[in-house]
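Here's a quick walk through one protein model. We'll go from the overall numbers to a few local spots.

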Amino acid sequence: MRFFQLALVVLSTLLLGIQCNNDKRSDTLVLPGLLDSVRVVVDRDGVPHLYASNDLDLGRAAGYVHARDRFFQMDLTRREVSGDRAEVLGPAFVGSDIQNRTIGLRRAAERSEAALTAREREVLQAYAEGVNAYILNHPLPPEYAALELTQVRPWDVVDTLAIGKAIAASLSLDIDVGLVEKLEEYVDAGAGGGYDGEALLFQDVLRSAPMDPASTVPDATDDMPFDVVKRKPVDREFLARVAPLSRGYAKQIADNQRLAMALPLARREQQIGSNEWGVAASSSASGNPILANDPHLSLNMPSTFYEWHLHVADDPEAGPMNVSGVGFPGAPGVILGQNERISWGAT
């Protein structure tokens, strides 16, 4: 394995707490596994700019920089998803660990690993090696001293995939325990009032069907634009057993931040949403188009996002890349950002 230098060029010492913007330092270190030299420039705002000649070197340097800046956050996030935070934070987290293991995002990440292409695996493996190069050769962040820990398990590809699963789940997972409770209420009311409470709920109040671009009533062909599924009467005895369990489960996960976000009530109370808007070049004072995006993620400390600029001169397989924006600590790449041609957001 060849060894090349990873040059860390710091244009501002702001991150070190010394506000001396004209002071320029250059530190050089050896990072195992690089195919060529990589340059990392930290600007006055503390944003790293990574310049590499190929994707694998960029991935390795990205892992190193992420671990340098955010490793404790990365470690806690992978432990939360995997269900082993209690190992470092104590028995108070056993309950949430059990819940997260039951949801099984770590298992989903393992299945995704098996589906990776060879190139995807190489890049994620390079990223993991960059993370491990940092934690093996530097003191652990100060949070570990407070926890009386002197070592951590190495980073691997599944850890990165698990963090991706966690972010996706926090934005899209719905735990519909409330629907079971509502169904129980409607069925009981229907039994007392002489009507089909289940039909009222699912065929009126919460009626849904596959989208049809033309109409939602019988058209000229006299056919319905969706398939009518024959409904089996609900088992009231089974429902009577399940509904109390669903209420109990909702209470259990109320203190689990990631799972609680999946409860419909929590989403409504926090008014989860997002927005973005654009200005055409013809309407912009600068003559350039503008895209503004707010995905409405929580304002955590440290931040959910990590801002950086990633530049690859000319990868042998994928060619050049020049992209800046934000990604997630624990995963390489830019999720929301821009390259030399387009900008993009998410909502």
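The protein's accessible surface comes to about 20,300 Å², and carbon and sulfur atoms hold 55% of that. Areas here come from the Shrake-Rupley method with a 1.4 Å probe, and for residues only the protein chains shown count as cover. Keep in mind that this is a predicted model, where local features need pLDDT of at least 70, side-chain atom pairs count only at pLDDT 80 or more, and totals for chains, interfaces and linings use all residues. Residues are numbered from 1 along each chain as its sequence is written, and side-chain values use heavy atoms, with hydrogens and water left out.

The protein has 12 helices and 10 strands; these are DSSP runs numbered from the N terminus, with helices being H or I of at least four residues and strands E of at least two. Of its 347 residues, 39% count as buried, meaning under 20% relative accessible area, as against exposed at over 50% and partly exposed in between (1.4 Å probe, protein chains only). Among contacts with a separation of 6 or more, 59% are between residues 24 or more positions apart, a contact being heavy atoms within 4.5 Å.

Now to the strands. Two of them pair if DSSP finds at least two bridges between them, and two pairings are set out here:

| Pair | Sense | Bridges | Residues opposite each other |
|---|---|---|---|
| β7 (residues 306-315) and β8 (residues 319-327) | antiparallel | 8 bridges | Trp 308 and Gly 325 |
| β8 and β9 (residues 336-338) | antiparallel | 3 bridges | Ser 324 and Gln 338 |

β7 and β8 also make a hairpin, with 3 residues between them.

What about Asn 275, buried or partly exposed? Asn 275 counts as partly exposed because its relative accessibility is 35%. Asn 275 lies in strand β5 (residues 275-279). Leaving out residues up to four places away in sequence, Asn 275 touches Ala 292, Asn 293, Asp 294, His 296 and Thr 347.

Over on the surface, Leu 179, Tyr 195, Leu 200, Phe 202, Val 205 and Leu 206 form a nonpolar patch with about 460 Å² of accessible area together. Patch members have over 30% relative accessible area and no salt bridge, with nonpolar side chains (Val, Leu, Ile, Met, Phe, Trp, Tyr) joined within 5 Å and like charges within 9 Å. A salt bridge is a side-chain nitrogen of Lys or Arg within 4 Å of a carboxyl oxygen of Asp or Glu. Helix α9 (residues 197-205) gives the most to this patch, with 3 residues. Phe 202 sits in α9 and is partly exposed, at 33% relative accessible area.
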